[in-house]
Amino acid sequence: MEQTDRSSRIAWAALLLASLIAPVVVGFDKYLIHVGIIISLNVALATSLWMIWSLGFISFAHAGFMGIGAYTSALLFTKLGLSMWYGLWLGAAMSGAIALVIALPLMRTRAVYFFMASWAVGEVIKRNFAYFRDFFGGWDGVFNIRAPKLDLGFVEVNFADRLAYYYLALFFVVLTVLVIHRINNSRTGMIYWSIHENELLAQHAGINVFRHKVIAFTIACALAGLTGALYAHYQTYISPKSFDIWKSEFALVHVIVGGLTTVGGPVAGAISLTVVDELLRATGYFRTVFFGAVLIAAVLLLPGGLETIPGRLRSFFKRSDK
Amino acid sequence: MNQLEIRKLTMKFGGVTAIDGIDLSVAEGEIRGLIGPNGAGKTTLFNACSGRYPITSGEIIFGGERVHGLKPHEICRKGLVRTFQHVTLFKGFSVLKNVMVGNHLHANHSYWGSLLRTPRTRRSEAESARRAREILEFVGLGNILDREAAGLPHGHQKALGIAIALAAQPKLLLLDEPCAGMNNDESREMIDLVRRIRDTGITVMLIEHDMKVVMGLCDRITVLSFGTCIAEGTPAEVRENPEVREAYLGSQANVA
């Protein structure tokens with residue numbers, strides 16, 4: 001157990017170090033840094049989606065809540081001139097607040113009913129952005145959402161620069177993953193998984209199941225909102241289509257291919273599948289077909305996901321020792 | 001004063017009356033047996049007391065407080081804790097973790113504490129693990145803390161179910177067929193465990209079909225039949241009661 005603990009700590013440190021020096025390694029290649037930013041955003045989205053899964057729910061509303069954060073931050077910038085430094089937090093807060101209200105009825109549903117209800121929630125959020133043209137810009141979306149600057153006294157960092165934005169996104173994805181990892185490894189996480197394992201018993205062991213479901217959903221959606229704001233100020237343009245059901249489904253696929261039981265799962269899944277997706281860009285029209293083939297292969301050849309690889313390797317080497 | 005007072009309790013599910021105006025009281029410190037033929041309403045009574053299903057009418061008073069209408073977790077917090085007839089565990093968790101979930105109630109828990117991992121949170125988590133170990137020692141599972149719950153033999157799973165309930169620090173423990181599916185040795189251990197639980201000051205009410213267990217273990221026995229209470233008394237009294245023989249055991253039955 002302790003050994004697993006130590007090796008997982010080493011793996012996290014190595015991953016962080018690799019992310020920090022990655023731009024240097026790729027020779028500050030603009031396209032590859034762009035891929036790096038997309039990876040970061042996907043990791044953050046998949047991890048917060050996984051947090052909802054830790055209570056046993058698969059939410060299809062996640063991209064919708066990402067959109068609430070994105071639109072909040074974008075409109076604060078274009079209409080009121082507030083920079084992303086405010087938009088990030090207000091976007092997360094707005095997403096969390098709306099999630100809290102929606103969770104009150106939503107988290108009373110279960111299994112396939114939750115699946116359908118959350119799908120509807122995500123779709124309604126997206127259609128609201130499209131419907132209220134004057135406020136949200138309709139299907140055309142919102143333009144000219146600029147990245148902020150940061151005056152450090154001796155030097156001014158302009159985050160419109162890709163490299164700077166890469167480190168900004170990295171900072172917030174690390175923050176997101178850290179928050180979720182901490183919660184998951186604490187007693188709170190244990191309570192979440194106990195609800196996942198056996199809700200009836202959890203209730204009768206004195207756990208206020210509904211309250212934990214609502215709080216977890218709210219936190220996860222607030223973090224998705226934060227990711228959304230980061231996305232908006234990077235792309236400089238958002239539209240309802242940016243936050244449709246496919247975005248939620250991709251996040252879910254990242255979680256499934258990465259693994260469902262540890263926080264390393266969604267992180268590994270989002271990194272590797274984003275890379276695969278970019279590699280398949282050359283296949284043009286057939287990209288989604290190949291992507292689908294990769295998914296099927298991953299699920300068939302590696303049940304349990306990427307997170308099971310360390311364990312598989314360990315038992316493989318143990319066997320060959322004998 | 002009685003610890004548990006059930007007055008005129010009625011439970012209806014659609015057109016079916018599962019419990020029909022039962023009065024029942026349990027004194028502090030006793031082991032109460034609840035027997036009756038299948039469908040008599042024993043488990044329904046437990047479901048009512050633990051808040052799993054809303055009651056139709058009547059009152060459930062625990063420790064002088066009304067508990068009917070409360071949610072299961074609220075009733076558990078008041079010290080009225082139940083176990084389940086079928087093995088009900090957090091199957092993917094280790095034995096230790098199962099019990100740690102049970103005793104989270106009595107450890108201070110906050111989201112900020114979880115997030116920041118304050119020294120207080122760490123101390124409280126260590127304390128929780130220590131208490132869980134004690135409880136597992138007590139039920140006889142102290143040497144298999146790291147085993148996964150799903151892989152345990154039946155007897156150990158039943159004991160673990162009780163350990164989870166004990167972790168919530170009950171004043172009254174409702175055991176739904178603790179000896180179901182057990183062999184003689186396992187049964188004997190379970191009887192011993194229930195006695196030891198009572199000796200720590202916890203009142204026990206249990207449903208059991210095995211007459212040897214019920215007669216040997218319980219201070220008093222309540223007999224239910226078709227949702228009503230047809231007899232109550234010491235094991236000897238209940239054994240001699242002709243109505244019980246008639247309703248529960250068949251008129252020719254020879255009660256051991």
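**Exercises on a predicted two-chain model**

Apart from neighbours within four places in sequence, B:Asp20 is in contact with B:Thr10, B:Gly227 and B:Thr228. The model is a predicted one, and the exercises below start from this residue.

**Exercise 1.** Determine whether B:Asp20 is buried, partly exposed or exposed, and state in which element B:Asp20 lies.

*Solution.* Step 1: locate the residue. B:Asp20 belongs to strand β2 of chain B, which spans residues 16-27.
Step 1: count the surroundings. There are 17 other C-beta atoms within 10 Å of B:Asp20.
Step 2: apply the cut-offs. A buried residue needs 20 or more such atoms and an exposed one has 12 or fewer; B:Asp20, with 17, is therefore partly exposed.
Step 3: B:Tyr111 is 91 residues from B:Asp20 along the chain, and their C-alpha atoms are separated by 44 Å.

**Exercise 2.** Describe how domain 1 of chain B meets domain 2 of chain B.

*Solution.* Domain 1 of chain B takes in 1-79 + 170-256, and domain 2 takes in 91-168.
Step 1: count the contacts. Twelve residues of domain 1 of chain B touch eleven residues of domain 2 of chain B.
Step 2: assign the domain 1 side to elements. Two or more residues each come from α2 (72-77), β7 (172-176) and α7 (184-199) of chain B. The largest share, four residues, is that of α7(B).
Step 3: sort this side by class. It has eight nonpolar, one polar and three charged residues.

**Exercise 3.** Characterise the packing of helix α3 of chain B against helix α6 of chain B.

*Solution.* The axes of α3(B), residues 95-102, and α6(B), residues 154-167, come within 7 Å and cross at roughly 35 degrees. The crossing is right-handed.
Step 1: list the residues. From α3(B) come B:Val95, B:Asn98, B:Val99 and B:Gly102, and from α6(B) come B:Leu160, B:Ala163, B:Ile164, B:Ala165 and B:Ala167.
Step 2: sort them. The contact of α3(B) with α6(B) has seven nonpolar, two polar and no charged residues.

**Exercise 4.** Which element gives the most to the side of chain A that touches chain B?

*Solution.* Step 1: count both sides. In this interface, 19 residues of chain A are in contact with 26 residues of chain B.
Step 1: find the elements. On the chain A side, α7 (162-184), α8 (187-197) and α9 (199-204) of chain A each give two or more residues.
Step 2: pick the main contributor. α8(A) gives the most, with six residues.
Step 3: sort the chain A side by class. Its residues divide into eight nonpolar, eight polar and three charged.

Conventions:
Residues numbered from 1 in each chain as written. Chains lettered and ligands numbered in written order. Predicted model: local features only at pLDDT ≥ 70, side-chain atom pairs only at ≥ 80, totals over all residues. Axes fitted to C-alpha atoms, helices over the stretch in contact; angles between N-to-C directions. Left-handed = near helix turned anticlockwise from the far one by under 90°. Contact = placed C-beta atoms within 7 Å. Nonpolar A, V, L, I, M, F, W, Y, C, P; charged D, E, K, R; others polar. Domains from an automatic or database assignment.
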